[in-house]
Amino acid sequence: MRSLVSRVAAGVAALTLALSVVGCSAAGGAPANGPTRHTVVVLAASSLTESLTAIAKDFEATHPGTDVQLSFASSSTVVTQVNQGAPADLIALAGTSAALLLDARRIAGGSRSLASNTLEIATPPSNPGKVNAITDLSRATLKVVLCVATAPCGEAAAKVLSAAGVVAHVVSYENDVKATLAKVQLGEADAAIVYHSDVVSAGARVRGVQIPASVNQTLDYPLIRLTGDPTTVEFATFLLSDQSRKRLRENGFLTP
Amino acid sequence: MTGLRADVRLTRGLLQLGVELSAQPGQIVAVLGPNGSGKTTLLHTLAGLIPLQHGQIQVAGSVWDNPADNVWTSPEQRRTGLVVADHLLFPHLSVVDNVGFGPRSRGVPKAEARARAGVELAAVGLGDHLQVRPGELSSGQAQRVALARALATDPALLLLDEPLSALDPTTRAQTRADLGVRLRAFSGVTILVTHDPLDALSLADRLVFIEAGKLVQEGTPQEVIARPRDAYVAQVVGLNFLRGQRAGDQQVDVGGTIVVAPDIPAGGSGGSVCVTIPPSAVALYRTRPDGSPRNTWPVTVSDIQLIGQTARVILDGPFILAAEVTAGAVADLRLGVGQELWATVKATEVSVYPA
Amino acid sequence: MRSVRWARAGLVIPAWVAIAVLVVPLLALLLKADWAGIPAHLANPTVVPALRLSLLTTSSTLVICALIGTPLAWLLARSTHRATAWLRALVTVPLVLPPVVGGVALLMAYGREGVVGRTLLEVAGWSIPFTPVAVVFAEVFVALPFYVLAVEGAMQGLDPRYDGLAATLGASPWRTFRTVVVPMVAPGIASGAALAWARALGEFGATITFAGNFPGRTQTAPLAVYVALESDPQAAIALSLVMLLISVVILGALRGRWLR
């Protein structure tokens with residue numbers, strides 16, 4: 001009775017079981033509009049780490065019973081994850097070009113501008129590489145770190161460098177802006193091109209070198225809503241309020 | 001001074017080894033003793049695998065180990081050959097490369113090492129097995145290869161650690177014979193550790209007995225067979241052994257019981273003597289025999305072992321005795337464990353000598 | 001009879017689930033690949049340098065692991081010192097350490113401000129991070145424990161009396177190691193090498209943290225896959241398939257000869 005056939009059948013059953021379990025959790029991306037939920041899942045660009053964390057705390061304090069779950073990554077990673085079905089209610093990206101790759105079917109509400117950011121050069125406090133201007137970045141003895149070209153900060157940095165006519169002596173392309181900044185904070189890199197907001201949040205741990213406005217890029221941060229439940233809408237509105245904008249400006253962002 | 005002169009003293013865990021051993025080149029010395037007596041430890045100190053704590057080891061005129069004078073020769077520099085019970089041939093090398101390993105390690109070029117190996121293998125009768133892997137050899141053949149490997153380095157001292165104990169009885173007999181032939185042709189000193197009396201008696205020129213790390217008796221096989229000085233030694237040569245005090249010209253007091261024997265010598269210190277009785281000289285009776293047999297004792301059977309047509313009966317009485325009787329006698333006497341009998345021994349069969 | 005069969009069925013089903021867990025993702029990879037477009041994707045300028053760098057660094061890692069790992073394994077296998085257990089535990093640490101943490105630790109040691117790195121820079125002018133050497137450092141750090149533990153296990157199974165015997169035959173400890181120990185544990189060494197190589201090939205976290213990510217210099221195949229995943233997923237899949245193929249071929253070849 002327990003022949004080869006029945007053993008194969010058991011195997012197929014197990015396989016199907018496994019596959020369906022996999023399928024279930026991967027199914028739809030955004031949860032449907034059901035009864036009122038009190039959690040909001042937000043995926044955001046890593047440059048928003050400090051500001052959104054503070055804003056989420058403000059929201060939870062004034063809206064008891066709510067839980068804002070934040071996750072930060074490079075904007076392109078966020079878009080990839082959402083396209084693959086990661087559950088998220090709101091996303092905030094660095095730069096509008098990242099949003100172009102977003103699967104339009106996932107969008108529930110329109111895109112609003114959350115804030116904007118410019119680029120800045122960051123060096124370790126002691127400035128071992130003696131970097132004082134963007135043109136210094138081409139020196140062959142320097143260790144310069146940028147974001148990967150697929151990340152918004154990497155794409156913008158490339159544009160800035162080409163506008164300034166500088167070929168930077170790059171030694172590494174990091175996955176996101178926070179990893180790029182980390183290399184400078186650890187003292188491994190002489191300079192990196194990051195967001196102005198990153199230089200502000202890092203405080204005394206990095207030194208900033210301004211990039212001339214004529215060659216600098218300004219990135220707009222779109223806030224896109226993927227679901228329509230009340231708590232999400234409420235948080236989205238809160239993000240665009242004056243109180244939140246104050247938080248964003250404290251962290252070096254420009255707000256509309 | 002050629003040959004071996006060793007004074008081995010060390011403590012290892014519970015074993016306190018203190019043995020003096022010497023041998024002439026060409027001699028085969030067998031070292032016997034119960035398990036744990038220190039035989040293998042002794043061998044390992046000679047090989048240089050265990051350092052001495054006190055004493056000295058000198059071979060062929062050079063001192064190999066002397067802790068007091070801070071003299072130490074490492075095992076690879078000593079001219080020793082070692083053979084163990086389970087051959088330990090290198091499984092990844094062919095027979096000829098196994099045997100040539102020693103010469104190669106001492107810097108001999110490959111071709112010459114192989115040639116020397118071939119000669120040694122021919123000497124143990126395996127000259128046509130050069131390219132075989134150890135895994136393809138029988139146990140007897142493997143042991144012969146191990147011997148050839150040990151001899152290929154032309155050692156001054158050959159050490160054999162129970163070389164036949166891992167072989168089945170038939171192979172053992174044949175390999176013992178082959179071993180004997182090869183050892184007699186060896187010009188260095190051979191130390192053979194064994195617990196098999198047949199190995200010792202058929203191969204060795206001298207026997208050395210070790211118990212609990214101390215030497216208890218040494219001598220030629222004939223000397224030892226005639227006069228064991230220790231219960232273990234007597235057991236090895238198959239004799240009943242008693243210790244007693246001289247109590248007259250023809251009497252020995254063994255723990256209160258008198259044993260009669262002709263011509264009792266003066267005795268060792270305090271008149272102590274050794275008494276041996278061959279098992280075959282112990283006669284058994286159901287009732288106390290008439291006449292005046294002098295050595296007659298009441299005994300109880302404690303064990304019977306049948307070996308072919310002979311039975312070995314262990315008797316408990318004034319002392320423990322082993323008797324050898326025919327299988328027929330077992331039937332006649334209806335021998336069984338716990339049975340009470342009378343044992344007699346003719347005085348002329350009792351051997352007494354100073355302790 | 002019947003109860004035995006039921007018991008066996010009880011084991012078969014979880015076993016099949018285990019097989020599914022391992023095989024389904026690999027099958028999915030094969031099914032979702034754009035087979036027709038693979039040659040074009042592989043022509044992407046980052047692919048070949050990444051593969052070449054990976055093969056180069058993992059080979060170097062393997063050689064280093066064998067050279068320094070085999071003596072360490074021998075030491076651990078034969079030492080009777082009480083501290084050996086602690087040493088073995090220490091060697092195992094990179095196995096349980098998250099790779100990124102390993103990368104941070106390597107930076108703390110060999111980075112510009114690092115404990116060793118600072119002196120290295122001052123004395124010899126050498127800086128290790130952001131170079132292929134850093135990639136090898138990261139790979140050796142994560143792969144060496146695999147090698148050492150596998151080889152030590154094999155060496156412990158080796159009868160210690162062989163050493164003494166070889167010594168009496170005239171072999172120095174080095175010669176004994178070379179001609180007796182290593183050949184006799186060769187299957188264990190091959191098995192350890194396969195494990196170490198596979199681990200090194202897949203290393204990501206420590207590499208990107210310590211060596212960085214620069215095409216052709218420090219961008220190994222796993223890093224290239226990760227970067228490609230966001231801009232060109234099909235290129236990522238194509239590169240993944242190539243890595244899968246290389247791994248399967250090499251491990252398959254080793255399995256036939258050395259691994260049981």
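This is a predicted model: local features need pLDDT of at least 70, side-chain atom pairs count only at pLDDT 80 or more; totals for chains, interfaces and linings use all residues.
Q: How far apart are the end C-alpha atoms of helix H6 of chain B?
A: Helix H6 of chain B covers residues 169–184, which makes 16 residues. At 1.5 Å a residue, the helix should span 22 Å. The model agrees, because its end C-alpha atoms are separated by 22 Å.

Q: Within what arc do the buried residues of H6(B) fall, seen down the helix axis?
A: The buried residues of H6(B) are Arg172(B), Thr175(B), Leu179(B) and Leu183(B). They line one face of the helix, because seen down the axis of H6(B) they fall within an arc of 75 degrees.

Q: Which exposed residues sit on the face of H6(B) turned away from its buried side?
A: In an α-helix, residues three or four places apart point the same way, because there are 3.6 residues a turn. On H6(B), the face turned away from the buried side carries exposed residues. They are Thr170(B), Gln174(B), Ala177(B), Val181(B) and Arg184(B).

Q: Is Trp64(B) buried or exposed?
A: Trp64(B) lies in strand S5 of chain B, residues 62–66. A residue needs 20 or more C-beta neighbours within 10 Å to count as buried. Trp64(B) has 27 inside 10 Å, so it is buried.

Q: Which residues is Trp64(B) in contact with, leaving aside its neighbours within four places in sequence?
A: Gln77(B) is 13 residues away along the chain, and its C-alpha atom is 9.2 Å from that of Trp64(B). The contacts of Trp64(B) beyond its sequence neighbours are Gly48(B), Ile57(B), Gln58(B), Val59(B), Thr73(B) and Arg78(B).

Q: Which element gives the most to the side of chain A that touches chain C?
A: Here 22 residues of chain A are in contact with 23 residues of chain C. Helix H1 (4–26), helix H3 (75–83) and strand S6 (170–174) of chain A each supply at least two residues of that side of chain A. By class, this side has 10 nonpolar, seven polar and five charged residues. With seven residues, the element that gives the most is H1(A).

Q: How many charged residues has the side of chain B that touches chain C?
A: 17 residues of chain B are in contact with 14 residues of chain C. Strand S7 (80–83) and helix H3 (101–105) of chain B each supply at least two residues of that side of chain B. By class, it has nine nonpolar residues, six polar and, as charged residues, two.

Technical notes: Residues are numbered from 1 along each chain as its sequence is written. Chains are lettered from A and ligands numbered from 1 in the order in which they are written. Helices (H or I, at least four residues) and strands (E, at least two) are DSSP runs, numbered from the N terminus. The expected span of a helix is 1.5 Å times one less than its number of residues. A residue is buried if 20 or more other C-beta atoms lie within 10 Å of its own, exposed if 12 or fewer, and partly exposed in between; C-beta atoms are placed from the backbone. The arc is that of the directions from the helix axis to the C-beta atoms. Two residues are in contact if their C-beta atoms, placed from the backbone, lie within 7 Å. Ala, Val, Leu, Ile, Met, Phe, Trp, Tyr, Cys and Pro count as nonpolar, Asp, Glu, Lys and Arg as charged, and the others, Gly among them, as polar.
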